Amino acid sequence: FTDAADINYAEAVEVMTAVGVVDGYTDGSFNPQGLLTRGAAAKIICNMILGPTTAEALSADATPYSDVAVDNVFAGYIAYCAKEGIVGGYADGTFKPAAPLTGYAFMKMLLGALGYDAETEGYVGANWSINVAKRALNIGLAKGLKGDFNGIDTVTREEACLYALKTLKAPMVEYDAKTTVIGGDASVALSGNLKEIANDGKEKIIE
């Protein structure tokens, strides 16, 4: 990239752009310190899960959020992530695709891509950011970050590449049982053991 000298995480940027998870700009630059937007984050997640070719073909049949029209460049990605429970909008029905997102928010999305269920793991409601940070840091999603991870800070494009690369190296997970018990006016999600699915296909119970 023309601004390669400004990139702190060269390997992560090179790998993520080479496999098509993150794009550079038509002028040949990468803009490593540019802030990652919520819409762009949804695109990264879809590229990681589905692959760039399949992800690019995603479309939204209906407006996923009041401020995301079906012809929005990120509409298909946002709609997919919303359907999979990886992202959520705001109480007013908006998504704010052009707004930057915090480290906590992006880590939550990356955990969702790995198979962690937001409801089951407490990534929604009170203390969600603490639960997200605990899991994300424990499995090494911020490994290699210069300085300490501060989830309140907005994520830069090169940090997004670093976190995405670490996510691709992390094991996928699945639940061996998952049910919802409904009683009265409340429902409680119950899950069995959470298992890592390693690259060799072997399973390891982690909780």
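Biologist: Why is aspartate 23 called partly exposed?

Modeller: Aspartate 23 has a relative accessible area of 37%. Buried means under 20% relative accessible area, exposed over 50%, and partly exposed in between, with a 1.4 Å probe and protein chains only; aspartate 23 is therefore partly exposed. This is a predicted model, in which local features need pLDDT of at least 70 and side-chain atom pairs count only at pLDDT 80 or more, whereas totals for chains, interfaces and linings use all residues. Residues are numbered from 1 along each chain as its sequence is written, and side-chain values use heavy atoms, with hydrogens and water left out.

Biologist: What makes aspartate 23 and lysine 43 a salt bridge?

Modeller: Their closest N and O atoms are 2.8 Å apart. A salt bridge requires a side-chain nitrogen of Lys or Arg within 4 Å of a carboxyl oxygen of Asp or Glu, so the pair qualifies. The two residues are 20 apart and link distant parts of the chain, with aspartate 23 in the loop between helix 1 and helix 2 and lysine 43 in helix 2. Helices are DSSP runs of H or I with at least four residues, strands are runs of E with at least two, and both are numbered from the N terminus. Lysine 43, at 22% relative accessibility, is also partly exposed.

Biologist: Are arginine 135 and glutamate 121 buried or exposed?

Modeller: Arginine 135 has a relative accessible area of 14% and glutamate 121 has 12%; both values are under 20%, so both residues are buried. Arginine 135 forms a salt bridge with glutamate 121, the closest N and O atoms being 3.1 Å apart. This pair joins helix 7 to helix 6 across 14 residues.

Biologist: Why is lysine 83 called exposed?

Modeller: Its relative accessibility is 60%, which is over 50%, so lysine 83 counts as exposed. Lysine 83 forms a salt bridge with glutamate 84, with 2.6 Å between the closest N and O atoms. Glutamate 84, at 41%, is partly exposed.
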